[in-house]
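Have the viewer open and follow along.

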Amino acid sequence: MSDRAAGPATDPAPGRHSAREIIALLADGSHEGFRELPYPTRDFQPDGPLAWQGYDASRARAAARTGEEESVVCGTARVGGTPAVLIAFEFGFLGGSLGERTGDRLESAYEYARAHRLPVVPLVATGGSRMQEGMLALTQLQRVARQSALTREAGLPQIAVLRDPTTGGGWATLGAGADVVLALTGAQVGFAGSRVRPADADPAAYTAEAQVAAGAADTVVRPEALRETLALWLRLLSAGAIGPGPVEAAMPPALLDTGATAAIGTGPPQATLPPTQPNADSTDTTNTADSPAGTAEAAASPPSTPPSPPSAGPASLPATGWDAVQRARAPGRPRAGAYLDAYFARRASISGDRCGGTDDGMACGFGERAQDGRTVAYAAQLGTATRPAGYRTAARLIRLADRLGIPVLTLVDTPGAANDAEAERQGAGAAIAELFGAVAAARVPVTTLVIGEGGSGGALALAAAGNTWATPDSYFSVIAPELAAAILKRPAEEVEATAGQLRIRPQDLVELGVIRGIVGP
């Protein structure tokens, strides 16, 4: 990294705010709402640890130009009412590079966040490690990674904002290592900086937009919308870690319970089941040692089981198995978007599996429940064959919610897992296994509602054992009736009868003990 500056603090390029300008843009009360943390002191020999000729002079010029003594400014502020530790990089100070003193400040900021149970918001604008400090600068990435890992283990959220530019080790630690990654429109983002890429490299690959498309960042945000977006994310993700414990919630009303019988198509009066834990084998969330947030507060107020949304479709039950299939496949049937819109007052989405992929058929994120404002995470299939990236994104969502102590709602609606050759090359089996494992290992309550097609293992991977519900216009099957008939070498005219034999109607699933009940409108 050279000592080339980013230009004056008033540079109008996207994301090129100075450290204190970006803090003022985000903090409640602007500059006055920010409290800078004390920094550790470190004495250097002349021209730094490598005695790099001219290094002291470069630092002096950078300080005179920016008014800062190092490339990062750390402190606390409220953003939309939520307190957080802000880590703002000053690109004008030696390109926002990381040296030993930078590492000292970052380590101190993370330690403060853990001591005070605060989320961490890195506002990244860096070219990478500071070459004038050699390998000692590079090893600061290990310090940062360690602090990030400890903060993750403490159950505290990390939300990164990628400014222009975000490259090198800063991107690979503070940026890509965060729980949620927000990238400013038009920002340069990539591990390789502009001066170290191949001459023929496509510049479009090193952008915020490209990182979102590749599943490495969650969303692109316009600078003018950043404060509102960050405030929402802080409010959502801090609810489990530092907010008040959720109240106990009732389970959804059931049209048909395991102990009830009714005439097909009419359904009995609605009844409410008592609240229970989501998985029969789940551990006691009141145990402090097992609590995702690892705090006495979390132990005293475990996350409550989120109630399922009511059905958005008809109340009548399907008469036959094939009728159930046809209703679930009907184009006019309510889809996941309708359920999420009704269930949440506000929500924010995550995107990408962090392995190079995205899936438009899987919607994941966090929202404020309209009923009481509580935060609930959601993972919803959107009616298409789910791709490996979709399963990995849902697993990422559930692991994050579990770590932060936030309950999860999943909506099942897929004909099954994508079965094309490309899906196999992308690791379909391993991705499905990852999601099965994430749901099974979750310590927070997980509630599942089948709202349409429940196509075999590709649907079951998203379902909570012992806490799955269904709407009247849904089905769940070990295999599609058409495929079952083909395997059994039955003629096409026997597909409908095969659907009946499979016992895939919602009321069949209740009687078999596969689901807990049928949710009414």
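This is a predicted model: local features need pLDDT of at least 70, side-chain atom pairs count only at pLDDT 80 or more; totals for chains, interfaces and linings use all residues.

Now go inside: of the 521 residues in the chain, 54% are buried.

What does the secondary structure of the chain come to? Count through it and you get 18 helices and 18 strands. As for how the chain meets itself, take the contacts with a separation of 6 or more: 74% of them are between residues 24 or more positions apart.

With that overview in hand, zoom in on the backbone. Most peptide bonds are trans, and residues other than glycine mostly have a negative phi.

Which residues does a cis peptide bond join? Go to Asp-164 and Pro-165, where omega is about -5°. Pro-165 sits in strand β5, which covers residues 159-167.

You'll find Asp-47 in the loop that runs between β1 (35-36) and α2 (55-66). Is Asp-47 buried or exposed? Its relative accessible area is 18%, and the cut-off for buried is under 20%, so Asp-47 counts as buried.

Finally, move along to Arg-117, another non-glycine residue with a positive phi, this time near 55°. Arg-117 is also a loop residue, placed between α3 (100-115) and β4 (120-126).

Notes:
Residues are numbered from 1 along each chain as its sequence is written. Side-chain values use heavy atoms; hydrogens and water are left out. Helices (H or I, at least four residues) and strands (E, at least two) are DSSP runs, numbered from the N terminus. Buried means under 20% relative accessible area, exposed over 50%, partly exposed in between (1.4 Å probe, protein chains only). Contact means heavy atoms within 4.5 Å.
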